[in-house]
Amino acid sequence: MSKTEAPPLYERKHLTKIIPRLIELTILFLCFSLLGYRLLHLKNHGFIWLVALLCESWFTFIWIVVVNIKWNPIAIKTHPERLLQRNLELPPLDMFVTTADPVLEPPIITVNTVISLLSVDYPANKLACYLSDDAASPLTYFCLVEASEFAKLWIPFCKKYNVPVRAPFRYFSDQSLFTGNSSSEFQEDWNTMKDEYRRLCQKIEEAAQKSVPCELTGDFAAFVDIDKRSHPTIIKVISENKEGLPDGLPPIVYISREKRPNHAHHFKAGAMNVLARVSGVMTNAPFMLNVDCDMFANNPQVVLHAMCLLLGVKDETDCGFVQFPQQFYDGLKDDPFGNQMYLGRGLAGHQGPLYGGTGCFHRRKVIYGSSPEDKSGHGMKAISCHLCFVFMHLGIMNWKDNLFHVGKHFLLIIYIPLRSVKET
Ligand SMILES: O=c1ccn([C@@H]2O[C@H](COP(=O)(O)OP(=O)(O)O[C@H]3O[C@H](CO)[C@@H](O)[C@H](O)[C@H]3O)[C@@H](O)[C@H]2O)c(=O)[nH]1
Ligand SMILES: [Mn+2]
């Protein structure tokens, strides 16, 4: 089958339903009727009716906007199986995780985020994971080293049994995720993995109790007497996958960027810039994923889904970034505060909602501010100093974004750190 005849990697589906449309039109009709009624009888009533008329006019205007947005909802369906059938060489991806405080963001959470990314269904020799630690914490580095050891066992286990959720804390806490397989071999492997994970948690807990997790010598020497507000850059390569094994452990790099008290560090945006710059020198993948440290990839095929869009568009300028919606893990029953309500559904026709700051795959070129027309790679601008500038680049340079959801892919873990509870 020639390339042009290959089935598309994604499809746009119209979600239009007649009944919701009729309801929206009825409400609009009622709004206009009310406005007409107010206008006709305005003379007979006083100031109050005028105020009511203004309020109702505003509501009607908002409703017209809402009906416009919802008129032709479109969702995107991706086909990762078709991507795999094409036998293409999949493009490399650099994955970024940011963390800022090992107390407010416990390392076991960050470690789960990293492990869920390392074990996605994607060739390991095409992946690299970079962790930015704004606290320059030896504890975070220690935990990352331990996590890499655990991941060497966890990744083959996940791939062998096609584990549906690759964040171990979540996998081991939900029985429905592993009751399907009753073979004795699986049971044995499962028990081994559970023990390994328990051991990892224990090591991390014990390290967190101490003032320093281990002796600050050798690889840890960079952390001796470190002041998290003023220190030089620390970059540590934890694993490399030198043999380029597709089933091995992807490269893992720890980064704590330079900080000086008289230099604004721009919080997460500053960290993202450093991640983009360091990865540009080390692996320079054409695509980048950024995830907060309190989230995990809820679907092992998340990268393949994103690639369906990034590779499936006719022209790369049609898709600058692909973002996934977030869902809160362990939300309250019946969601009384509407935390899980997702308002972006169907917005693909409008290029999706605004960039949410996490769970997002970018083309590297977009972040560098390179114009879509500039195929030569010349004219690269300095990386913007705040990630919000990504929007501006997208707008100015005519890149487009894409919202994509097949189920919820990035789950946010809610936890209330004890310190904050006491403080409030
Ligand atoms: O100096 C800092 C401060 C924060 N972070 C990291 O940035 C991420 C998000 O910070 P957080 O305090 O958790 O912000 P939230 O309000 O929970 O996050 C939402 O809002 C942010 C913008 O305000 C976005 O950047 C996030 O992606 C989005 O999830 C976390 O991974 C932090 O570790 C840093 O790396 N360095
Ligand atoms: Mn957060």
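Residues are numbered from 1 along each chain as its sequence is written, while chains are lettered from A and ligands numbered from 1 in the order in which they are written. Since the model is predicted, local features need pLDDT of at least 70 and side-chain atom pairs count only at pLDDT 80 or more, whereas totals for chains, interfaces and linings use all residues.

**Overall make-up**

The protein has twelve helices and 13 strands, where helices (H or I, at least four residues) and strands (E, at least two) are DSSP runs numbered from the N terminus. Of its 424 residues, 34% are buried; a residue is called buried if 20 or more other C-beta atoms, placed from the backbone, lie within 10 Å of its own, exposed if 12 or fewer do, and partly exposed in between. Two residues are in contact if their C-beta atoms, placed from the backbone, lie within 7 Å, and among the contacts with a separation of 6 or more, 81% join residues 24 or more positions apart.

| Helix | Residues | End-to-end C-alpha distance | Expected span |
|---|---|---|---|
| α2 | 47-70 (24 residues) | 35 Å | 34 Å |
| α4 | 107-118 (twelve residues) | 16 Å | 16 Å |

The buried residues of α4 include P107, I109, N112 and L118.

The UniProt annotation "transmembrane region", from an unreviewed entry, covers residues 21-40 and 46-69; such positions are given in the numbering used here, feature names are shortened, and annotations may be inferred rather than shown by experiment. In the model, residues 21-40 are 100% helix and 0% strand, with end C-alpha atoms 29 Å apart, and residues 46-69 are 96% helix and 0% strand, with end C-alpha atoms 36 Å apart.

**The surroundings of ligand 1**

Ligand 1 is surrounded by 13 residues, of which the closest are T98, K268, D292, G357 and T358; a residue belongs to this shell if its C-beta atom, placed from the backbone, lies within 6 Å of the ligand. The elements that give two or more residues to the shell are β3 (93-99) and α8 (267-282), and α8 supplies the largest share, three residues. By class, the shell has four nonpolar, five polar and four charged residues, where Ala, Val, Leu, Ile, Met, Phe, Trp, Tyr, Cys and Pro count as nonpolar, Asp, Glu, Lys and Arg as charged, and the others, Gly among them, as polar.

**Single residues**

P138 lies in helix α5 (residues 138-161) and counts as buried because 25 other C-beta atoms lie within 10 Å. Leaving aside neighbours within four places in sequence, P138 is in contact with V212, P213, L216, F220 and F223. P138 and I226 are 88 residues apart in sequence, yet their C-alpha atoms are 9.3 Å apart in space.

H266 lies in the loop between β6 (252-256) and α8 and is partly exposed, because it has 14 C-beta neighbours inside 10 Å. D334 lies in the loop between β10 (326-329) and β11 (360-363) and is exposed, because 6 other C-beta atoms lie within 10 Å.

Terms used. The expected span of a helix is 1.5 Å times one less than its number of residues.
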